[in-house]
Amino acid sequence: MSKYYGATIADIDCDGRYDLFLSNHGNNVEWYYSEGHNMFKSKDPRLYLHDVHGTAAADMDNDGMMDVVVAIGGSGGRKPGLPIYFKVNEDKTFRKDAGTSFGFGKETMRGRCPTFLDIDHDGDLDLVFLNQDKLDDPRGNYVYENMGRGKFRLRENTGLEFIGGWTHTLIDYNNDGNLDFLVFHLRTLEVYAGTGSFKFVRQENVFPANRVWRTTSVAEIDYDNDGDFDLFLARGFPGRYNIPNTLLENRGGKYVDVTSKTNLGLLGHNGHVTYGDFNNDGYIDLYLTVNTDYNTRRQNDIMLLSRKGMDFVQVKNTGTESQNQYEDGNNSIAFDFDLDGKVDILSGMRNSTWNLYRNQTPPGNRHYVIVRVGRPTAINLNPKLKRSPMGAVVTVVTKNKKFMRRVTTPGRSHSQAFMDTLHFGLGQEKQIKSIIVDYMGGVRLVREIGLSVDKIITIGKVCKCPKGTNGPKCKLTHPKCSLKRCGGQRCERMFFKNNKNTIYYCIVGR
């Protein structure tokens, strides 16, 4: 069965484990809820014979359950259609919706890539569709503002309506606290910078002119642990385009091509990239999904392990090798599905099934921490602190090092994941000094007491719970917030980065 370049991985029912929403191009999606420690239970959304493309998930109506959107193609442009929405209930049942209950209009699309982000920093996730142009209309894209309480409205003149591409990921290339669209399609990379309002501005001369064309997927990673995000570009299409991948290092806000010195210039037809610290040594590793030409024997995907942030080495016999010569690589996504501290891989192959590979790397003398990122807890003291985890940057500070991740999709082209439970390999670091969450829009949360390695740590307000409770299945105690210092107790400090004079303190229970 065909796949469509990505998967939506998200904790849809807020039980603390990731659920799977997997697109099969042209014929349904596969929906799996996590059950227990390492099992999944399937639901059938019944989208047979629909031109299914990219997917995304977010809590669209603030009821504590994530809802799901599916972009529907236009049959080669002949029949532009409407996206399909799934309203998810607390009992895990769902209702298919054409968008009317959320306030969406009748804007038909050649749907490709839906994306949730908080454009205006009001704490609600807005929705953007980047699509292929319609045959009779140069406009392909639509931006919707979340008005709260599950209602959206169309915004015009945002700067995104007529851009000539749809595959993209979200970055913050200039560290101004606004998410930017990095759009890539065949010829070049383009950045449309967020402004904190519903205006995006195209930026010039952001990247080196060479080695960016024919990009198929992008991963935003801090490959060398220097405290800023670099970009890995998977490149190449089946056919005559046998071209190298590219690594762009962020040096003070300028991107520099470091492909050669990091040993990443592999020639090939790489359709997708994902990443994670697969051996918990403290450095990000890469996993490339390889496309093959039609009527050509399947080539195995490629795992590239970091060597202390200096360069990468290809690893053989990983266990993900193909057993079917007729399948073809399409996409993969890395996440710790069973929360055992090891990053696993889900791969979707054309002409085959989805495959979930459990990481069985021996732990050795290496540690990890899993950070579950919620909303700022002190919003009852100041509603302006309201922020979504989406796009937040999480920094784990140990005795000797810093490790950084963003709440995002770990390597993207079409579908968006909501990865708010982040895995950090720590190497031999045994002591965590602090965890810092920088939300979009200038809000910072700092936790410094009661932090241990090899555990799951919940930061902020997670899930919609009864008063006094917090976390997955509402089993944790809700933090108690005030303007008073915590006096040596487990504590989260929150403040606006442009105003550190007012600090909100929240005592965190065990």
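Four strands form an open sheet, ordered β17-β18-β20-β21, with antiparallel pairing. Strands here are DSSP runs of E, at least two residues long, numbered from the N terminus. Two strands count as paired if DSSP finds at least two bridges between them. The model is predicted: local features need pLDDT of at least 70, side-chain atom pairs count only at pLDDT 80 or more, and totals for chains, interfaces and linings use all residues. Residues are numbered from 1 along each chain as its sequence is written, and side-chain values use heavy atoms, with hydrogens and water left out.

The angles are taken between N-to-C directions of axes, which are lines fitted to C-alpha atoms, and run from 0 to 180 degrees.

Strand β20 (residues 246-251) is joined to β21 by 4 bridges, and the two run antiparallel. Arg 251 has Lys 254 in β21 as its bridge partner.

Turn to another sheet. It is open, has 4 strands in the order β5-β6-β7-β8, and its pairing is antiparallel. At its edges stand β5 (52-58) and β8 (94-97); each has a single partner strand, so one side of each lacks a neighbour in the sheet. The twist from one strand to the next averages 20°.

Inside this order, β6 (residues 67-72) and β7 (residues 84-88) pair in the antiparallel sense over 3 bridges. Val 70 stands opposite Ile 84 in β7. Strands of a sheet pair through backbone hydrogen bonds, either parallel or antiparallel.
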